[in-house]
Amino acid sequence: MTERDVPASTEHHTPSPKIQLPVIEELNLYVNSKIAKIIATGVVICFITYHGFLRAVDGGDSCQRLLSDGRFQGALVWQPYGCMLHMYSNTDSRRCMRYVAFLKQDNHILFVGDSRIRQLYLALVKQIAVTHPKFSETPHEDMRYNDTNLRLNIEFIWRPLMDQHVAKLLNHLKRRKSLPKLIVMGSATHAIKNSNGSALALEEYKKNLTLLSSVLHQIGNKTQLLWMLQDPVVPERLKPERLAITNDQLDLYNMAAMEVLYNTKVHIWSSSRLVAQGSIGGFSDGIHAGEVAIKYDTQILMNLYCNDHLNFNDGTCCNSREAVTVTQIATFAALCSCPIILIAVAVKQWLCVSTHINGKNSTLSSADADTAQPLMVGDKESKKKNDPSSQDFLMALGKLGLIMGYFFLCDRTSLFMKENKYFSQLNFWLPLGYVFALGLFFTEDTSQTRLLHRDMTDEWRGWMQLVILIYHMTGASQVLPIYMHIRVLVSAYLFLTGYGHFSYYWSGRDMGIVRYCQVMFRINFLVVILCLVMNRPYQFYYFVPLISFWYTVMHITLLLPPRITRPSHANSEASPFNYLYSIIKFVGLGGFITVLFLSEVFFEKIFVMRPWKALFVTTDDDIHEWWFRWQLDRYSLLYGMIFALLYNGLAQYSLIDDKSGSNLMGGRLALLVSFIATVFIASYSTMTLICTNKPDCNEIHPYVAWVPILGFIVLRNMVGILRTRYSSFFAWFGRISLELFVCQYHIWLAADTHGVLVLIPSYPVANVLVTSFIFICVCHEIHHITNKITPFLVPNDSLRAVRNLSVFGFLLMAIGVHDGVF
């Protein structure tokens with residue numbers, strides 16, 4: 001609405017433009033990315049303080065958290081408080097025992113108590129044994145399981161009452177030179193049943209436990225001693241002789257045990273009771289734990305016993321943090337100087353401004369200053385916009401150092417908590433629907449009409465990245481159809497890389513070394529810094545090596561003679577032979593890729609050659625991860641290049657019209673092509689439902705990945721109204737999609753993507769909202785920092801660019817030599 005639209009009789013009553021414009025400008029002052037980043041910084045400082053206080057209270061002991069608290073997520077999936085539970089298989093369990101035996105230690109585990117403890121003992125033996133051993137059917141007797149190959153000895157000693165028999169046993173254990181590595185004790189039900197729940201029996205129980213507490217304390221000083229609290233019962237399922245065992249009685253006995261053992265070295269195992277409460281329906285006889293409770297109790301014991309030996313990425317409970325390397329120390333020594341430089345630059349700026357103001361006030365009158373200011377500042381300001389100052393560069397480095405410190409705190413220390421991912425259909429589809437609703441809400445017109453124009457490709461990258469983030473957060477990879485659709489999205493990124501860069505070169509623009517170096521620097525800068533800071537190999541961030549490799553392959557392919565573009569030509573369309581040259585190169589590239597795929601031995605010989613071997617192997621010097629990623633999307637970039645060539649040919653010969661806002665094709669032909677595109681997408685989705693296992697689906701994927709991608713492109717671009725509108729919400733995320741993909745590894749997810757970062761424990765929804773806000777702000781700032789740093793480290797001058805990158809390369813080689821890579 002403008003002023004001329006307002007009737008004259010009401011102009012003095014509704015001056016809407018004069019009111020709305022200042023309000024919008026005022027809102028922009030308070031709602032923008034800078035304000036969001038300041039808020040995010042304050043939130044981070046608050047949570048660092050909060051978790052530091054929690055560590056001061058409980059010592060940050062993840063073993064204690066594992067044994068003390070937790071909750072069920074959804075359908076009976078147990079989540080310990082603040083740490084990640086690795087689900088041990090029989091193979092994992094035996095591997096742990098074998099490792100302990102390799103250390104010349106005995107795997108001696110002792111259970112002492114009643115039938116509930118015996119039930120746990122039998123479950124642990126089943127967890128470790130290759131074949132389930134046969135035990136005597138006599139209920140009230142001691143049991144033992146041995147495996148000489150694993151130096152394994154698991155014992156159960158029947159002691160249902162806290163009496164002189166337990167005292168004798170504990171005194172015997174105290175005198176032994178070598179104690180079991182783990183002792184689990186607990187009892188109460190027999191005392192309640194035998195006394196019919198009398199208060200006198202409770203007092204006697206408490207008195208006996210008090211007398212034994214000093215011995216328990218001494219044993220707990222030398223080994224891990226757990227006191228297992230009593231699980232609840234289901235009264236209506238109890239046998240008549242057990243009716244005296246009530247939940248009230250069990251609570252009194254548990255309180256007595258906690259009170260007596262509070263200041264001792266005995267660990268109170270209270271999380272087992274919470275597991276039992278959450279799965280109480282599985283108690284078939286009303287007193288003995290069901291399958292779910294026993295499974296998680298066994299897993300808790302395995303995590304307690306083994307995690308610090310095997311260091312599973314998804315098992316942070318009882319797992320000591322990773323040791324800091326010399327490379328990390330050196331990197332942080334360099335990055336820690338960045339905040340100092342930042343402060344020094346800020347002080348210098350403040351002093352310069354103060355001096356400038358004082359000098360101006362002393363030499364100029366106010367009128368002269370107003371006249372002189374444009375003459376002194378105008379040209380410099382315009383120059384600053386075109387040529388960033390060294391102060392901007394130093395400030396960017398300072399911010400980068402602080403951000404890397406946050407990365408290290410999140411994923412290389414135990415300051416912040418970490419939890420396992422949890423998948424459910426609701427957890428996956430609800431945020432997905434919410435994100436797409438926001439994306440559709442924030443749509444606007446664009447002046448661009450070309451097929452796959454910049455706004456549209458930013459939008460495409462944006463919504464794909466958000467879907468991938470939700471996929472990673474919820475652990476949806478276990479659902480095969482979802483997994484396969486995400487594989488298409490990753491392929492689409494490579495498709496867009498091939499399409500975008502080929503179109504750029506086809507138009508006759510720069511293919512020189514500076515352009516290549518700038519693109520590679522922008523892609524790899526963050527990952528290289530993270531490799532140094534987080535002590536991870538380059539291949540760990542698999543998507544960036546994949547993009548970098550295929551962009552390099554495409555660049556070399558297009559540079560090889562015969563050249564498709566030449567500086568003397570306005571664009572490639574000046575020579576019809578460019579289409580022939582492109583086809584020849586595509587066939588050659590496809591043939592080379594196929595040869596590499598058909599000979600895995602040849603593939604390994606190429607990629608394990610020095611000096612580039614370090615770029616393609618994992619920490620354990622394995623090339624198979626790169627082989628898997630490479631062959632899965634081996635043709636995707638080529639598909640993008642072929643589509644770009646096909647599109648340019650169709651546009652040149654006017655077979656499609658995208659120079660205006662009209663439809664690409666007319667009438668029935670548009671309907672037919674749109675129908676075929678819909679069939680393409682539906683066919684791929686049907687294939688993912690029919691396919692029964694990942695290996696078979698992955699084998700088919702490289703050959704059919706182009707089908708849904710092409711179908712989406714046609715449907716998204718065919719109608720002019722759709723092609724000239726885009727989602728600014730998705731496009732905003734698309735511009736920082738690379739940072740979102742890389743940064744999620746450490747400051748949104750946790751434990752190298754195997755878990756979820758926890759800033760707000762026990763409140764998963766609030767935690768996701770807060771960590772997502774910080775995560776997005778960090779990604780946006782890193783994107784801004786990269787744009788600031790790139791002109792300085794990779795200038796437009798080819799000699800300076802090669803010089804700078806050579807120095808950077810030699811520095812990385814020196815680090816590689818130190819770490820034994822070369």
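The model is predicted: local features need pLDDT of at least 70, side-chain atom pairs count only at pLDDT 80 or more, and totals for chains, interfaces and linings use all residues. Residues are numbered from 1 along each chain as its sequence is written, and side-chain values use heavy atoms, with hydrogens and water left out.

Start with Asn 311. Its phi is near 55°, a positive value in a residue other than glycine. Asn 311 lies in the loop between helix 11 (291–310) and helix 12 (326–363). Helices here are DSSP runs of H or I with at least four residues, strands are runs of E with at least two, and both are numbered from the N terminus. Asn 311 has a relative accessible area of 43% and is partly exposed. Buried means under 20% relative accessible area, exposed means over 50%, and partly exposed is in between (1.4 Å probe, protein chains only).

Next comes a proline pair. The peptide bond from Pro 561 to Pro 562 is cis, with omega near 0°. Pro 562 sits in the loop that links helix 19 (543–559) to helix 20 (577–598).

Now turn to helix 29, residues 737–747. This helix is mostly covered, with 10 of its 11 residues buried. Among them are Leu 740, Phe 741, Val 742 and Ile 747. The buried set also includes Glu 739, Gln 744 and His 746.

Finish at Thr 753. It occupies the loop between strand 12 (749–750) and strand 13 (755–758). Phi of Thr 753 is near 80°, again positive in a residue other than glycine. Thr 753 counts as partly exposed, at 22% relative accessibility.
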